[in-house]
Amino acid sequence: MNNQRKTNIIIFDGACNLCNGVVRWLLKSAPKHTFQFVAFQSPYGQALLSQYGFPLKELKTVILIDDNGISTHSDGFLKILGKLPNYQLLSGVLTYIPRVPRDIIYKFASRNRVKWFGEADRCIIATPQDNPYSKTTSSI
């Protein structure tokens, strides 16, 4: 794990269709090598969750680890958006909405994401020869 880049790591739920869709969109939208994606179910994801004190069995938020530390919930999502050249203005504007109402909406969507979008049969970053969710990282 020491040779892994420790900035702009996005930890996400590899079993969630919504999360995989967002990762797919980021793979298309972000400049190359902007993010490193880690499914929380992967060994590296589990190690990061353990290292930073997050629960290991369930992920209720996207987690961004960057040069400024760890961001979760709506802050994490907006900071991810802010790293995309075409979305920096939108991210900046949305940060003016107080965190409490942003997080209420974020947490409501997080609780219902599997009900609304279903579970994925494969993680977007897993290759066909991998067991779903076992791919440790993928960089763009």
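Trp116 is partly exposed, at a relative accessible area of 46%; the classes are buried under 20%, exposed over 50% and partly exposed in between, with a 1.4 Å probe and protein chains only. The model is predicted, so local features need pLDDT of at least 70 and side-chain atom pairs pLDDT 80 or more, whereas totals for chains, interfaces and linings use all residues. Residues are numbered from 1 along each chain as its sequence is written, and side-chain values use heavy atoms, without hydrogens and water.

Trp116 lies in helix α5. Helices are DSSP runs of H or I with at least four residues, strands are runs of E with at least two, and both are numbered from the N terminus. Together with Phe108 and Phe117, Trp116 forms a nonpolar surface patch with about 340 Å² of accessible area. Such a patch joins nonpolar side chains (Val, Leu, Ile, Met, Phe, Trp, Tyr) within 5 Å, and like charges within 9 Å, from residues with over 30% relative accessible area and no salt bridge. Areas come from the Shrake-Rupley method with a 1.4 Å probe, and for residues only the protein chains shown count as cover.

Helix α5 has 19 residues (99-117) and should span 27 Å at 1.5 Å a residue; the end C-alpha atoms are 25 Å apart, which agrees. The expected span is 1.5 Å times one less than the number of residues. A kink of about 45° is centred on Arg111, the bend being the angle between axes fitted to the seven residues ending there and the seven starting there. Just after α5, Gly118 has a positive phi of about 85°.

The buried residues of α5 are Arg102, Asp103, Tyr106, Ser110, Asn112 and Arg113. They pack against α1 (17-29), α3 (73-82) and α4 (88-94), where contact means heavy atoms within 4.5 Å.

A salt bridge is a side-chain nitrogen of Lys or Arg within 4 Å of a carboxyl oxygen of Asp or Glu. The count comes to four, including these:

| Pair | Closest N to O |
|---|---|
| Asp13 and Arg113 | 3.0 Å |
| Asp75 and Arg99 | 2.8 Å |

Asp75, Arg99 and Arg102 are linked in a network of salt bridges. Asp75 is buried at 18% relative accessibility, and Arg102 is buried at 12%.
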